[in-house]
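Welcome, and thanks for taking a look at this one.

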Amino acid sequence: MRYRMDVYTDEQAQQRRLEEDARRGLSARQKSLPAKYFYDRVGSLLFERITELPEYYPTRAEAALLAEILPGLVEEILPDEIVEIGAGSSEKTRRVLDAMTAGGHPVRYMPLDVDRLTLESTAARLLRDYPALSVHAMVGDFERDLTRVPPPTGRRLAMFLGSTIGNLDAGPRRRLLEELRGILPDRADRLLLGVDLVKDVKILETAYDDAAGITRDFNRNILNVINRGVDGNFHPEAFRHLAFYNAVASRIEMHLVAESPQVVNLGRLGLTVRFRPGDAIWTESSYKFTRPGVEIMLAEAGLRLVRWHVDPANYFALVLAAPS
Ligand code: AVJ
């Protein structure tokens, strides 16, 4: 049997949580929405376009690094299983699978993603293209469902790429790394983690406020997702895109700032939200890391740094970690 799918979070549960998150986030004084809601169909396409922007370096930097280190990584690990967190339809995954299944070595690929349809189509294409592969897809939210990932049946490599970990604040980030440690029980298991690095403020801020305005559209699109999810009437164009680097907290912050008074009805929540000019919704944090910071956060989760790979410009790091 080459294909199996487990559903940890179904659409009803996702809808319930969106309602809870929208209510909590939009009735608070400092309004916020979780960044995971950017990625509906339109949002995922906009993000893909972001990754192709000249200003947005992380995806290119990570892909180049991965290509460079992969041969060595294969020699070092040769996993029987690859668990990928927040898998999406990633092209990077294919580079890894190319290397890991070379020579016919059988591999079980276990992607975890909230989007069942994306998982299904990705699985179908991978099964067609990689005869040595079996796929165990897991539909779920990596902040809630990691503990449900079954124990390994061989040597396991977990991958969390793209600096998605940068979206999490310190508390949830620690919890996630602890849970990742939990699905890597053996000394020979490994975690491959992509992290964006602290660098020149200008470079950081430009990456999140591109000249073509794609990141602005991406940011505003979260309001379309909320409109659809809770029957709201946000006018996305009435909100300005704001992105800046908060050096004290080592993070890019993205906000949507009302430019004129707005009265927004969220029908399904029976909630009316008022904005004065300048009132903002905090839509994303994207933390930037340093090597010492990464070593500390790994250690706190019972992991140790095995290898630290950076690109020549020191923009992005691929971190190989192991249970300590
Ligand atoms: C997908 C979370 C890594 O934080 O850089 C890109 C998302 N937001 N431009 C990031 C994003 C604005 C991205 N991550």
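**Salt bridges and packing at a glance**

Glu81, Arg108 and Arg156 are joined in a network of salt bridges. Please keep in mind that the model is predicted. In total, the count comes to 21 salt bridges.

**Salt bridges across the sequence**

- Are Glu81 and Arg108 buried or exposed? Both Glu81 and Arg108 are buried.
- Glu76 forms a salt bridge with Arg307, and their closest N and O atoms are 2.8 Å apart. Because Arg307 sits in strand S13 (residues 303-310) and Glu76 in helix H3, the pair ties together parts that are 231 residues apart in sequence.
- Arg307 is partly exposed, at a relative accessible area of 35%, and Glu76 is partly exposed too, at 29%.
- Another salt bridge brings together the side chains of Glu300 and Arg174, at 3.4 Å from N to O. Glu300 belongs to helix H9 (residues 291-300) and Arg174 to helix H6 (residues 170-182), so this pair ties together parts that are 126 residues apart in sequence.
- Glu300 counts as partly exposed at 45% relative accessibility, as does Arg174 at 39%.

- Asp113 is found in strand S4 (residues 107-113). Asp113 is buried but has no salt bridge, and the nearest side chain of opposite charge, Arg116, is 11 Å away.
- What does the side chain of Asp113 reach? The answer is the backbone nitrogen of Asp115, at 2.9 Å.
- Leaving aside neighbours within four places in sequence, the contacts of Asp113 include Gly86, Leu119 and Met138.

**The buried side of helix H2**

- In helix H2 (residues 41-51), the residues Gly43, Leu46, Ile50 and Thr51 are buried. They lie on the same side of H2 because they cover an arc of only 145° around the axis.
- The buried residues of H2 pack against helix H3 (58-76) and helix H8 (214-230).

**An open sheet**

- Four strands make up an open sheet in the order S2-S12-S9-S8, with mixed pairing. Strand S2 (31-32) and strand S8 (239-246) are at the edges, each with a single partner strand, so one side of each has no neighbour in the sheet.
- S8 and strand S9 (residues 251-258) run antiparallel and are joined by eight bridges. Arg240 has Val257 in S9 as its bridge partner.

Definitions and conventions. Residues are numbered from 1 along each chain as its sequence is written. This is a predicted model: local features need pLDDT of at least 70, side-chain atom pairs count only at pLDDT 80 or more; totals for chains, interfaces and linings use all residues. Side-chain values use heavy atoms; hydrogens and water are left out. Helices (H or I, at least four residues) and strands (E, at least two) are DSSP runs, numbered from the N terminus. Buried means under 20% relative accessible area, exposed over 50%, partly exposed in between (1.4 Å probe, protein chains only). Lys and Arg count as positive and Asp and Glu as negative; His and the chain ends are not counted. A salt bridge is a side-chain nitrogen of Lys or Arg within 4 Å of a carboxyl oxygen of Asp or Glu. A polar contact is a pair of N or O atoms within 3.5 Å; within protein, one must be able to donate a hydrogen and the other to accept it, and residues adjacent in sequence count only if both atoms are side-chain atoms. Contact means heavy atoms within 4.5 Å. The arc is that of the directions from the helix axis to the C-beta atoms. Two strands pair if DSSP finds at least two bridges between them.
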